[in-house]
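Visitor: I have a structure open and would like to go through it piece by piece. Can we start with a helix and move on from there?

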Amino acid sequence: MQELGFELMLVTPGADLRYLIGYNAIPLERITALVLQPHAEPFLLVPRLEVSTAMASPFGDLGWEVIGWAESANPYEIIGERSGFNGGRVAVDNHMWAERVLKLSENFPGATIELAAPIISAIRIIKTPTELDFLRVAAAAIDRVHAQIPHVLRVGRTEEEVGKDIADLILSEGHARVDFVIVASGPNGASPHHELSDRVIQPGDPVVVDIGGTMPSGYCSDCTRTYSMGDPGEQFRQRYSILQRAQELSTNAVSHGAVSHDIDAAGRNELATHGLGEHFIHRTGHGIGLETHEEPYLGENNQTVILNNMIFSIEPGFYFEGVHGARIEDIVICTADGPEPVNKQTRDLVIIGI
Ligand code: ZN
Ligand code: ZN
């Protein structure tokens with residue numbers, strides 16, 4: 001904060017707060033905020049009725065002050081009094097509610113409010129060994145779900161029916177929460193963020209299954225595999241093998257010092273060479289941690305330099321409107337020894353017998 005010239009930083013409930021102090025606070029209409037200054041001990045401002053919950057979290061072990069604000073008080077006044085802040089640059093977490101940002105500027109007319117991302121993302125983007133272990137455990141859990149997909153993905157069932165079974169498996173394999181379940185069969189595969197529908201799965205359908213959840217540790221999983229209900233036909237097989245090569249090339253481009261758009265280009269160029277470039281309509285990947293999507297992002301315009309202990313998805317795909325689609329997604333750690341994909345299920349097209 002001092003280096004970047006910030007006088008004050010406010011972090012409200014969300015992944016940033018959980019990362020910094022271990023308090024997984026529920027976002028409420030009453031403000032909770034960690035208040036940080038360059039030369040003072042941080043303090044946590046919480047509604048009075050949340051004090052005991054906050055102290056029961058790992059925050060309680062830090063020995064920092066917690067201030068419970070009463071219903072009748074103006075919490076922004078308390079921030080001003082306690083911090084002595086009366087003007088200058090204030091960093092706020094990226095997910096702070098607009099309502100709070102507006103109240104801040106109302107209460108501190110001399111404040112310039114900016115995003116805290118240059119401070120907090122710079123810390124969160126590099127994972128500690130403990131975080132990487134949590135993410136490996138999350139990946140192993142979602143891999144066990146993919147291993148069981150051939151038992152629930154069946155011709156004659158709807159995407160919704162299959163999706164419900166997958167959601168149950170995500171929980172039974174150790175996640176605390178299901179974050180998303182995409183079962184995109186046949187032409188629905190052409191929509192990267194299709195979720196579930198009442199479409200009945202047909203023989204010959206390719207089916208894109210992209211699933212993820214949050215573990216009790218707070219860390220997330222995210223993995224895509226493409227399945228086929230019997231033979232999907234020669235054209236799809238060919239396209240799939242190009243995609244598989246592209247996914248491999250992007251993965252192999254991961255190294256300490258690589259620029260994220262070059263990792264994107266490694267796979268994108270392979271798809272373009274074989275006529276699939278226009279059909280790869282999204283970026284190659286996103287970081288993952290306490291959030292499913294976080295820094296770094298790997299797309300055509302991303303300049304982030306990838307460093308050891310960053311972790312992100314490599315997930316190229318192709319999408320043909322009204323016909324079919326496919327995607328292969330692994331979470332990959334950049335290590336001193338090169339890329340480490342933490343998802344281990346086969347990346348081959350998985351043919352399910354019909
Ligand atoms: Zn992803
Ligand atoms: Zn995904």
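Guide: Fine. This is a predicted model. In H8, the buried residues are Phe236, Arg239, Tyr240, Ile242, Leu243, Gln244, Ala246, Gln247, Ser250 and Thr251.

Visitor: How many residues does H8 have, and how far does it reach?

Guide: Helix H8 covers residues 234-252, which is 19 residues. From its first C-alpha to its last it reaches 27 Å, close to the 27 Å expected at 1.5 Å a residue.

Visitor: Step back a bit. How many helices and strands are there in the protein chain?

Guide: The protein chain has nine helices and 17 strands. Its C-alpha trace spans about 70 × 40 × 35 Å along the principal axes.

Visitor: And what share of the residues is buried?

Guide: Of the 354 residues in the protein chain, 52% are buried. The accessible surface comes to about 15100 Å², and carbon and sulfur atoms hold 51% of that.

Visitor: What about charges? How many positive and negative side chains are there?

Guide: There are 25 positive and 48 negative side chains, and the centres of the two sets lie 3 Å apart.

Visitor: Now strands. Which residues of S1 are on which side?

Guide: Strand S1 spans residues 8-11, with Leu8 and Leu10 on one side and Met9 and Val11 on the other. All four are buried, so both faces of S1 are covered, where buried stands for under 20% relative accessible area. In a regular strand, side chains alternate between the two faces of the sheet.

Visitor: Which strands pair with S1, and are they parallel or antiparallel?

Guide: S1 pairs with strand S5 (residues 88-92) in the parallel sense, over three bridges. Three bridges also join S1 to strand S2 (residues 33-37), and these two run antiparallel.

Visitor: Where does Gly5 sit, and how far is it from Ala91?

Guide: Gly5 is in the segment before S1. Gly5 and Ala91 are 86 residues apart in sequence, while their C-alpha atoms are 9.9 Å apart in space. Gly5 has 33% relative accessibility, so it counts as partly exposed.

Visitor: Back to S2. How does it connect with S3?

Guide: S2 and S3 form a hairpin with two residues between them. The two strands run antiparallel and are joined by four bridges. Leu34 stands opposite Leu44 in S3.

Visitor: How many residues of S3 are buried?

Guide: Six of the eight residues in S3 (residues 40-47) are buried, so the strand is mostly covered; the cut-off for buried is under 20% relative accessible area.

Visitor: And which way does S4 run next to S3?

Guide: S3 and strand S4 (residues 65-69) run parallel, joined by five bridges. The bridge partner of Val46 in S4 is Gly68.

Visitor: What is the phi of Asn309?

Guide: Asn309 has a positive phi of about 75 degrees although it is not a glycine. Most residues other than glycine have a negative phi, and most peptide bonds are trans. Asn309 is found in the loop between S11 and strand S12 (311-314).

Visitor: What is its relative accessible area there?

Guide: Asn309 has a relative accessible area of 30%, so it is partly exposed.

How values were computed:
Residues are numbered from 1 along each chain as its sequence is written. Chains are lettered from A and ligands numbered from 1 in the order in which they are written. This is a predicted model: local features need pLDDT of at least 70, side-chain atom pairs count only at pLDDT 80 or more; totals for chains, interfaces and linings use all residues. Side-chain values use heavy atoms; hydrogens and water are left out. The expected span of a helix is 1.5 Å times one less than its number of residues. Buried means under 20% relative accessible area, exposed over 50%, partly exposed in between (1.4 Å probe, protein chains only). Accessible areas come from the Shrake-Rupley method with a 1.4 Å probe; for residues, only the protein chains shown count as cover. Lys and Arg count as positive and Asp and Glu as negative; His and the chain ends are not counted. The place of a charge is taken as NZ of Lys, CZ of Arg, CG of Asp or CD of Glu. Two strands pair if DSSP finds at least two bridges between them.
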